[in-house]
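Here is a quick tour for anyone opening this structure for the first time. Have a look at it, then read on.

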Amino acid sequence: MKRNPRKLKWTKAFRKSVGKEMTVDTTLQFAARRNIPVRYDRNLVSATLKAMQRVSEIRARRERVFFKNRMAGNKERVRARNRKLVAENEHLLPRQRASETMAAEMEEPLEVEAMEVPVQKVKEKKRVKQRMKVGGGMEDNMDVD
């Protein structure tokens with residue numbers, strides 16, 4: 001079945017026509033030049049490889065900038081869509097009692113204070129626990145037949 005490629009969302013033609021792909025960029029023209037026979041030259045090959053790396057860096061940077069510009073107002077659109085969804089389906093959300101609402105407003109975040117325990121005491125406690133395990137272990141209480 002024949003279809004228009006500009007209407008199929010997975011094609012390059014669609015992405016370019018909608019503005020999701022970079023269409024006018026000089027770095028894209030470098031990929032089009034190929035199959036040109038050139039006599040082997042070491043200097044030319046090294047210069048070409050350096051140029052290819054540089055072009056790929058430039059293309060990557062331009063694609064990042066293009067994507068950032070395209071997604072600039074996306075957070076606001078997503079928030080608006082989420083707010084609209086909540087407003088339309090508010091009847092599905094659980095109701096909060098007035099007492100819970102007031103408690104949530106009055107509640108302040110608790111501050112956790114770090115307690116400083118001397119290292120020596122911690123080590124002594126560990127030693128005591130180990131002595132207790134060895135001295136009064138399960139072995140004394142076991143009956144052997």
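## A first look

Let's start inside a helix: valine 45 sits in helix H3, where helices (H or I, at least four residues) and strands (E, at least two) are DSSP runs numbered from the N terminus. Keep in mind that this is a predicted model, in which local features need pLDDT of at least 70, side-chain atom pairs count only at pLDDT 80 or more, and totals for chains, interfaces and linings use all residues. Residues are numbered from 1 along each chain as its sequence is written, and side-chain values use heavy atoms, with hydrogens and water left out.

**The whole chain**

- The protein chain has 6 helices and 0 strands, and its pattern along the sequence reads α-α-α-α-α-α.
- Of the 145 residues in the protein chain, 5% are buried; here buried means under 20% relative accessible area, exposed means over 50%, and partly exposed is in between (1.4 Å probe, protein chains only).
- Among contacts in the protein chain with a separation of 6 or more, 51% link residues 24 or more positions apart, a contact being heavy atoms within 4.5 Å.

- How many salt bridges does a search of the whole structure find? It finds 1, counting a side-chain nitrogen of Lys or Arg within 4 Å of a carboxyl oxygen of Asp or Glu.
- The partners are arginine 54 and glutamate 57, with their closest N and O atoms 3.5 Å apart.
- Both arginine 54 and glutamate 57 belong to helix H3 (residues 42-70), sitting 3 residues apart, about one turn of the helix.
- Arginine 54 counts as partly exposed because its relative accessibility is 45%, and glutamate 57 counts as partly exposed because its value is 48%.
- In general, side chains of opposite charge can pair when their charged atoms come close.

- Valine 45 has a relative accessible area of 34%, so it is partly exposed.

- Lysine 20 lies in the loop between helix H1 (12-18) and helix H2 (27-30), and it is partly exposed because its relative accessible area is 33%.
- Arginine 70 is 50 residues away from lysine 20 along the chain, yet their C-alpha atoms are separated by 7.8 Å.
- Setting aside neighbours within four places in sequence, lysine 20 is in contact with Arg15, Phe66 and Arg70.
- Threonine 11 is in the segment before H1, and it counts as buried because its relative accessibility is 11%.
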